[in-house]
Amino acid sequence: MKIGIDGRAANWYRGTGIGTYTYQLIKHINRIDSANDYMIFMPNNCNNMIDFNKNFSIAEITKNMKNNFWDEVNIPNILKDKYIDLYHVPQNGIGIPENKKCAFAITLHDVIPYKMPETSSERYLKLFNETLPNVISNCDGIITVSNYSKNDIIEAFNFPKDKIFVTYLASEDIYAPIDKCICKNLIKEHYSISEDYILYVGGFSPRKNIIGLIEAFSILLNLYKSDIKLIIAGKQGKSYALYKKRCEELHIEDKVIFPGFIPLEHLPYFYNGCEAFVYPSFYEGFGLPPVEAMACGVPVIASNTTSIPEVVDDAALLIDPYNIDDICASMYRILLDKKLRDSLVLKGLVRSSELNWDKTAKGTIIAYNKIINS
């Protein structure tokens with residue numbers, strides 16, 4: 001097979017979910033597959049991102065490049081000159097060529113604008129409603145990240161079930177157990193945080209249920225008598241002001257810390273330093289942060305909705321994200337119950353080891369073969 005892959009996200013958005021997925025997918029296909037030929041479409045001057053094998057080549061994207069997935073780059077002209085069997089766009093089909101010169105595959109991570117339109121930006125909602133149906137009708141196969149997302153895609157677009165392929169995501173190698181004292185010292189040095197803390201890492205969209213987490217934490221402070229903070233880490237989007245205001249209304253602004261976007265090299269220290277990781281999201285196509293936390297050997301509390309139970313299996317304490325008392329009780333229980341914490345840590349390490357990028361790459365190569373030969 002001769003496969004083309006849009007690799008822009010691996011360079012531009014490394015550290016985000018889609019950027020991590022694209023980078024790790026390319027890296028591990030390069031690692032395990034020497035039989036097929038690959039052409040990676042990248043911005044210029046990005047050739048040293050991965051030490052590619054001889055069956056990989058780089059097609060540089062230079063003309064009309066706007067550093068933005070919302071605008072189609074000049075890939076159609078490149079595809080005219082390069083013979084490939086299949087072209088794969090990992091970022092939800094954004095940037096796929098309009099002119100079809102080979103089989104097309106996209107990775108569609110979720111259908112959040114279809115299921116929860118009120119939580120999507122106007123721009124992405126418009127793209128989803130007006131552009132994505134045409135993209136999908138032009139696709140020969142879709143790769144997605146959970147069986148839950150697969151069923152959502154079938155419902156949203158009436159796409160054939162046998163042309164949708166599920167490949168789970170995984171944590172990166174940097175997420176592993178680290179001595180807690182080392183982690184706390186680094187966090188104190190760089191972020192001036194010295195107290196014990198409960199951690200959330202992820203987006204700031206309303207669907208992440210950060211308001212619910214803050215309200216549950218405010219109740220916890222009345223129950224748990226030791227000093228503890230809540231760290232809400234992530235890029236502070238439009239909803240940030242609402243979260244800060246809710247903390248002030250509850251008079252816990254000194255107990256909730258918003259450190260902003262955490263550099264990739266510091267994230268493992270934040271995970272390893274926490275007392276528990278909480279992920280009370282209303283909807284996820286996969287939900288990578290709980291897997292990263294499990295790989296670091298910390299107890300995880302996560303929602304019992306959408307794809308999350310499928311991803312974490314029995315390795316997390318599941319909560320109803322719509323029930324504030326349930327979120328609070330689960331945090332309180334983990335803080336007090338060492339036996340429960342130890343059990344979740346062990347199960348989490350096992351579950352996170354079952355999800356690995358080699359499996360993702362192998363499943364993707366199998367999907368390529370089936371799409372081309374269908």
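Visitor: Which strands does helix α12 lie across, and at about what angle does the helix run to β11?

Guide: First, a caveat: this is a predicted model, where local features need pLDDT of at least 70, side-chain atom pairs count only at pLDDT 80 or more, and totals for chains, interfaces and linings use all residues. Residues are numbered from 1 along each chain as its sequence is written, and side-chain values use heavy atoms, with hydrogens and water left out. Helices (H or I, at least four residues) and strands (E, at least two) are DSSP runs numbered from the N terminus, contact means heavy atoms within 4.5 Å, and angles run from 0 to 180 degrees between N-to-C directions of axes fitted to C-alpha atoms, for helices over the stretch in contact. Helix α12, residues 288–295, lies across β8 (197–201), β11 and β12, and its angle to β11 is about 170°.

Visitor: What is the strand order in the open sheet of six strands?

Guide: Pairing here takes at least two DSSP bridges between two strands. Strands β11 (276–279) and β12 (300–303) run parallel and are joined by three bridges, with F277 opposite V300. The pairing in this sheet is parallel, and the order is β10-β9-β8-β11-β12-β13.

Visitor: Which residues have the most contacts inside the largest nonpolar core?

Guide: A nonpolar core is a set of buried Ala, Val, Leu, Ile, Met, Phe, Trp, Tyr and Cys residues joined through side-chain atoms within 4.5 Å; buried means under 20% relative accessible area, exposed over 50%, partly exposed in between (1.4 Å probe, protein chains only). Leaving aside neighbours within four places in sequence, F277 is in contact with residues including L199, P289, A293 and I301. The largest core has 92 residues, and those with the most contacts inside it are F277 and M331.

Visitor: Why does H88 count as buried?

Guide: H88 sits in strand β4, residues 86–89. H88 counts as buried because its relative accessibility is 0%.

Visitor: Which side chain makes a polar contact with the side chain of H88?

Guide: A polar contact is a pair of N or O atoms within 3.5 Å; within protein, one must be able to donate a hydrogen and the other to accept it, and residues adjacent in sequence count only if both atoms are side-chain atoms. For H88 the distance is 2.8 Å, and the partner is T107.
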